[in-house]
Amino acid sequence: MPPQPTPRRPLLKAMAGGVVAIGAVGAAVRLTHGSDDDTGGAGGRLELSSQDGSGVGALDLRLGDELLPQVGGGRFRSAQLPTTTHSMVAFTWTGTAEPRIQIKSRRGGTWGAWQTAGILHDLPDLGSGEGTDVAGTDLLWIGDSDGIQIHVAGGRPRDLTLVLLHPSRERGDELLDADASRRTTSPQARAQPTVPRPSIVSRKTWGADESLRDGPPRYNETIKQVHIHHTVSTNTYAKADVAGLIRGMYRYHTHNLGWSDLGYNFLVDRFGRTWEGRAGGAAKAVRGAHTLGFNDTSTGVSVIGNFDLVKPGRPIVDAIAAIAAWKLDLYGRKADGFVRVTSEGSDKYSASRVVKLPAIDGHRDTNDTACPGQNLYDVLPTIRRRTQAVIDRHRNAAEPITITRAASLTGTPALGETMRVDPGTYTPTDATRTYAWARDEVVIQGATGPTYVCSAADVGTVLSAGMRLTSPGREPLAQVLRASGPVTAPASVTVRTRGGRKGYATVYVQVSPPEGSRAKATGKIRVQVNNRTKVVPLAEGAGVARFGRGRGFKPGRYNVTVIYPGNGIVRGSRAETTITIPPR
């Protein structure tokens with residue numbers, strides 16, 4: 001479907017005579033200019049307004065002679081202007097001029113060094129209707145500031161407009177992470193997509209105000225390329241800053257540049273999180289506004305940061321590879337090759353020219369720009385290889401190992417008994433089996449076979465066996481099998497007796513688990529002398545039964561039977577002996 005024109009144009013608020021209308025509320029302050037040390041005059045400060053409901057404080061301020069006077073041939077400089085808090089700065093104008101703009105910012109009462117606001121080259125295509133008559137600078141993230149000074153060289157465009165933004169932190173911004181959107185399978189272009197969708201923080205989650213969009217999404221017929229950009233912003237933002245930073249970027253693209261939506265399809269932050277940019281469905285071929293002349297067959301990924309200054313970390317590289325592999329696989333593309341695409345007209349390639357470009361390229365490959373920064377551009381070969389490896393790994397994956405009859409564990413968990421793994425059945429039948437055994441989920445060193453003999457160290461613990469199946473080209477499959485209960489052991493019952501002249505009979509009993517076991521004999525024992533019975537408790541495995549108090553035994557020999565019923569770990573046992581009662 002060809003792109004439809006959009007009626008949105010930037011709203012530039014200004015009044016003549018040095019009285020400046022601030023934001024949407026129509027409030028005004030009078031500012032004067034002077035030396036570099038001028039704090040903006042006695043008239044007040046520049047006020048940002050956030051009454052549009054976007055959660056982004058904003059000021060669009062036309063810079064005429066009153067605020068930005070000429071100080072030399074083609075050079076213009078403002079006073080040091082006090083403001084309410086802002087954290088993002090940009091400039092817009094119409095026409096083909098490319099002024100050289102620098103700003104100073106005041107943070108914490110201190111004025112910083114001059115920094116350049118570079119010309120924005122991430123643009124919609126000519127004829128798309130997305131604000132192509134408006135030029136602008138990159139949107140700079142400078143942190144919370146309350147003052148600005150502006151220097152322009154190379155001429156001042158007639159409608160040069162200062163844009164100050166301050167996206168507020170919303171509740172939950174600091175909790176956002178890459179799992180804010182689950183891995184899902186969405187309706188996709190290929191019938192058999194193989195690369196899984198990476199985690200993507202959705203527009204709803206980062207707080208996109210959908211009323212800022214102008215018209216429905218536009219779609220391409222296919223995706224041939226992934227264009228890599230950077231936002232030429234700060235490299236020191238915190239995790240909790242990212243959602244607000246994107247909200248500010250979204251407001252700048254729509255309200256100030258006149259685009260129908262955020263320009264990029266996806267954004268990646270320095271922590272390796274991927275964010276949904278332009279609306280329309282992450283899995284679909286949504287037409288972006290990021291690479292002039294080449295938006296019609298591509299998707300755009302912009303990394304938040306300035307990679308002329310720093311190198312991208314591993315989380316960034318991995319995130320780009322994951323999103324690029326998913327998007328290219330949806331359309332059956334390779335990541336490490338070249339494609340032929342037709343330019344719709346850029347500052348580097350004229351309209352209708354067929355250009356051979358990498359499937360994953362940097363913005364500078366299609367436009368006259370330094371984007372995506374030299375350090376990020378230098379790792380594009382690595383990103384291409386890694387992306388293709390992700391695609392190959394999933395496309396070439398063999399059928400998974402399938403269990404047709406589950407493995408099982410046989411044998412009695414008892415001291416000296418043999419436990420055995422029955423591997424069951426599975427396909428492919430030649431999969432390799434490896435084993436491991438554990439007691440109370442702690443791996444037993446050296447126990448790597450399909451059988452295991454229960455030892456004294458196992459008494460009282462629960463044994464489990466793990467069987468892992470592996471086969472080349474397939475994901476390994478593991479089964480964990482637990483014994484039916486703890487390992488038991490027999491008890492050893494030792495009995496001593498002593499007969500007294502008054503007919504007393506004392507029976508001393510010691511119940512002991514096997515040597516080397518940490519199990520203990522607990523509970524009670526049953527002691528019988530002739531036809532008299534007593535049940536006594538064990539303490540540390542020992543118990544004493546006394547008979548004859550009040551009614552002694554007559555002199556003679558009597559049978560003694562001791563029964564220990566067991567406690568579930570130490571099994572029951574019995575012992576028999578005799579006791580002699582001497583004559584009185």
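Biologist: What volume does the largest pocket have?
Modeller: About 640 Å³. Keep in mind that this is a predicted model.

Biologist: Noted. Which residues are closest to the centre of the largest pocket?
Modeller: Those are Gln 115, Thr 116, Leu 140, Val 232 and Asn 306, out of 31 residues that line the pocket.

Biologist: And which strand supplies the largest share of that lining?
Modeller: β11 does, with 4 residues. It spans 140–153, and β7 (100–107) and β9 (115–117) also supply at least two residues each to the largest pocket.

Biologist: How does the lining of the largest pocket split by class?
Modeller: There are 15 polar residues, 11 nonpolar and 5 charged.

Biologist: OK, next one. How much space lies in the second largest pocket?
Modeller: About 400 Å³. Its lining is made of 20 residues, and the ones closest to the centre are Gly 95, Thr 96, Glu 98, Leu 123 and Ala 135.

Biologist: Which strand gives the most to the lining there?
Modeller: Strand β10, residues 134–136, with 3 residues in the lining of the second largest pocket.

Biologist: And the classes for the lining of the second largest pocket, how do they divide?
Modeller: Into 10 nonpolar, 6 polar and 4 charged residues.

Biologist: Which residues lie nearest the centre of the largest cavity?
Modeller: Leu 139, Thr 231, Met 249, His 253 and Tyr 264, from a lining of 14 residues. Helix α2, residues 242–256, gives the most to that lining, with 4 residues.

Biologist: Changing topic. What's the strand order in the open sheet of 3 strands?
Modeller: The order is β30-β31-β34, and the pairing is antiparallel.

Biologist: Why is one side of β30 and of β34 left without a neighbour in the sheet?
Modeller: Because β30 (492–499) and β34 (542–547) stand at the edges, and each has a single partner strand. On average, neighbouring strands of this sheet are turned by 15 degrees against each other, if you ignore direction.

Biologist: How many bridges do β30 and β31 pair over?
Modeller: They pair over 8 bridges, in the antiparallel sense. Ser 492 stands opposite Ser 512 in β31.

Biologist: And what sits between β30 and β31 in the hairpin?
Modeller: 5 residues. Gly 503 is in the turn and has a positive phi of about 90 degrees.

Biologist: Then on to the other pair, how many bridges join β31 to β34?
Modeller: 6 bridges, with strand β31 (residues 505–512) and β34 running antiparallel. Ala 505 is opposite Phe 547 in β34.

Biologist: Does His 86 count as buried or exposed?
Modeller: Buried, because its relative accessibility is 0%, and the cut-off for buried is under 20%.

Biologist: What does the side chain of His 86 make a polar contact with?
Modeller: With the side chain of Thr 83, at 2.9 Å.

Definitions and conventions. Residues are numbered from 1 along each chain as its sequence is written. This is a predicted model: local features need pLDDT of at least 70, side-chain atom pairs count only at pLDDT 80 or more; totals for chains, interfaces and linings use all residues. Side-chain values use heavy atoms; hydrogens and water are left out. On a 1 Å grid over the protein atoms alone, a cavity is a set of points where a 1.4 Å probe fits but cannot get out, and a pocket is an open set with protein on both sides within 12 Å along at least five of seven lines; lining residues have an atom within 4 Å of a point. Two strands pair if DSSP finds at least two bridges between them. Axes are lines fitted to C-alpha atoms, for helices over the stretch in contact, and angles run from 0 to 180 degrees between N-to-C directions. Buried means under 20% relative accessible area, exposed over 50%, partly exposed in between (1.4 Å probe, protein chains only). A polar contact is a pair of N or O atoms within 3.5 Å; within protein, one must be able to donate a hydrogen and the other to accept it, and residues adjacent in sequence count only if both atoms are side-chain atoms. Grid points are joined across faces, edges and corners, and a volume is the space filled by probe spheres set on the points. Ala, Val, Leu, Ile, Met, Phe, Trp, Tyr, Cys and Pro count as nonpolar, Asp, Glu, Lys and Arg as charged, and the others, Gly among them, as polar.
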